[in-house]
Amino acid sequence: MIKRLFIVLAMVVAAVGLRAQWSAGLMVGYDYNSYNYAKGYGYDLRYGGRSGFAMSVPVQYTINDWFALRADLAYLQKGHKMHRTGYHAGPTENVRDHYLHLPVQAQFSFGTAKVRGYLGLGGYVGYWLHSHRSGVDIINMGPWGSVEDNSESHWYYYDECVDFLSERDQRFDAGLVASLGVGYRITPRIEARAETVLHYSVIDTASGSHGNLAPRYNSTFSFQVGCIYYFTAK
């Protein structure tokens, strides 16, 4: 009985292997990041999203006609902008964050041999590589050069790289990923693709050791085009 079970299992593995395909490619495009911020006492802060550059290297293992496993090495620019309203109106800030993501998805496809659509669902882990900010702020200077309220105001401009602080910044990232796209098989080995991808973070970018920072999360929507190369012809 056990011998027969192994024979059946070997036949299934061999059948899957005959249909399975490895492929890899390059996708580039545009992304837009939304910054979700729990205001708390920052009732006069207004946050908005920013666009950026996105690139990924997908590696895919196609098991059969409708199902594949896919992993990407993805670079995303996540950013946001901020301005203040009310009594403290005036200061603005633009932030550009750079992230490296590793999403893994189960991909379901449908269509003809030439044109196929696909839907991918999974999760990702990521790392915050670098951050840059620029903007304008105000400082109140007292008669001896000290910072005081109700004193003369001075505007200053800044354009700088941000030094990461472990007690303030959470550089690890993780969340959910979903993709929707279409592929066109140009040759038996080369496929052109266009896709949209959503990376939805569930990790607060503010470190938990810094109790004064309100929770803040990124969600990034990207549109990419590129080519996929199949190592065996279909």
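Guide: Gladly! One term to begin with: contact means heavy atoms within 4.5 Å. This is a predicted model, in which local features need pLDDT of at least 70 and side-chain atom pairs count only at pLDDT 80 or more, while totals for chains, interfaces and linings use all residues. Residues are numbered from 1 along each chain as its sequence is written, and side-chain values use heavy atoms, with hydrogens and water left out.

Visitor: Which residues is Tyr-47 in contact with, leaving aside its neighbours within four places in sequence?

Guide: Tyr-47 is in contact with Tyr-35, Tyr-37, His-80, Lys-81 and Met-82 on that count. Tyr-47 itself is found in strand β2, residues 45-62; helices (H or I, at least four residues) and strands (E, at least two) are DSSP runs, numbered from the N terminus.

Visitor: Why does Tyr-47 count as partly exposed?

Guide: Buried means under 20% relative accessible area, exposed over 50%, and partly exposed in between, with a 1.4 Å probe and protein chains only. Tyr-47 has 28% relative accessibility, so it counts as partly exposed.

Visitor: What makes Tyr-35, Tyr-37, Leu-45, Met-82 and Ala-214 a nonpolar core?

Guide: A nonpolar core is a set of buried Ala, Val, Leu, Ile, Met, Phe, Trp, Tyr and Cys residues joined through side-chain atoms within 4.5 Å. Those residues make up the largest such core, five residues in all. Met-82 is also in contact with Leu-45, Arg-46, Tyr-47, Pro-91, Thr-92 and Glu-93, leaving aside neighbours within four places in sequence. As background, in soluble globular proteins nonpolar side chains tend to be buried together.

Visitor: How do you know that Glu-93 and Arg-133 meet in a salt bridge?

Guide: A salt bridge is a side-chain nitrogen of Lys or Arg within 4 Å of a carboxyl oxygen of Asp or Glu. For Glu-93 and Arg-133 the N to O value is 3.4 Å, so the pair passes. Glu-93 lies in strand β4 (residues 92-111) and Arg-133 in strand β5 (residues 115-141), so the pair ties together parts that are 40 residues apart in sequence. Glu-93 is at 16% relative accessibility and therefore counts as buried, whereas Arg-133, with a relative accessible area of 31%, is partly exposed.

Visitor: How many salt bridges does this rule give?

Guide: The count comes to nine salt bridges. Among them is the one between Asp-72 and Arg-70, whose closest N and O atoms are 2.8 Å apart; Asp-72 and Arg-70 are buried. Arg-70, Asp-72 and Glu-195 are linked in a network of salt bridges. Arg-185 and Glu-191 form another salt bridge, at 3.7 Å, N to O.

Visitor: Why are Arg-185 and Glu-191 called buried?

Guide: Arg-185 has a relative accessible area of 9%, so it is buried. Glu-191 is at 6%, so it counts as buried as well.

Visitor: What makes β1 and β9 a pair?

Guide: Two strands pair if DSSP finds at least two bridges between them. Strand β1 (residues 21-37) and strand β9 (residues 216-230) have 15 bridges in the antiparallel sense, so they pair. Leu-26 stands opposite Cys-227 in β9. β8 and β9 also run antiparallel, joined by 11 bridges, and the partner of Glu-191 in β9 is Ile-228.

Visitor: How many disulfides does a search of the whole structure find?

Guide: It finds zero disulfides, a disulfide being a pair of cysteine sulfur atoms within 2.5 Å. Cys-227 is partly exposed, with a relative accessible area of 42%, and Cys-161 is partly exposed at 48%.

Visitor: Where does pLDDT stay under 50?

Guide: pLDDT is the predictor's confidence in each residue, from 0 to 100. It stays under 50 over residues 5-18, for which the model has one contact beyond four places in sequence, and over residues 142-146, which have five such contacts. Where pLDDT is low, the predicted coordinates should not be read in detail. The protein averages a pLDDT of 84, and 79% of the residues score at least 70.
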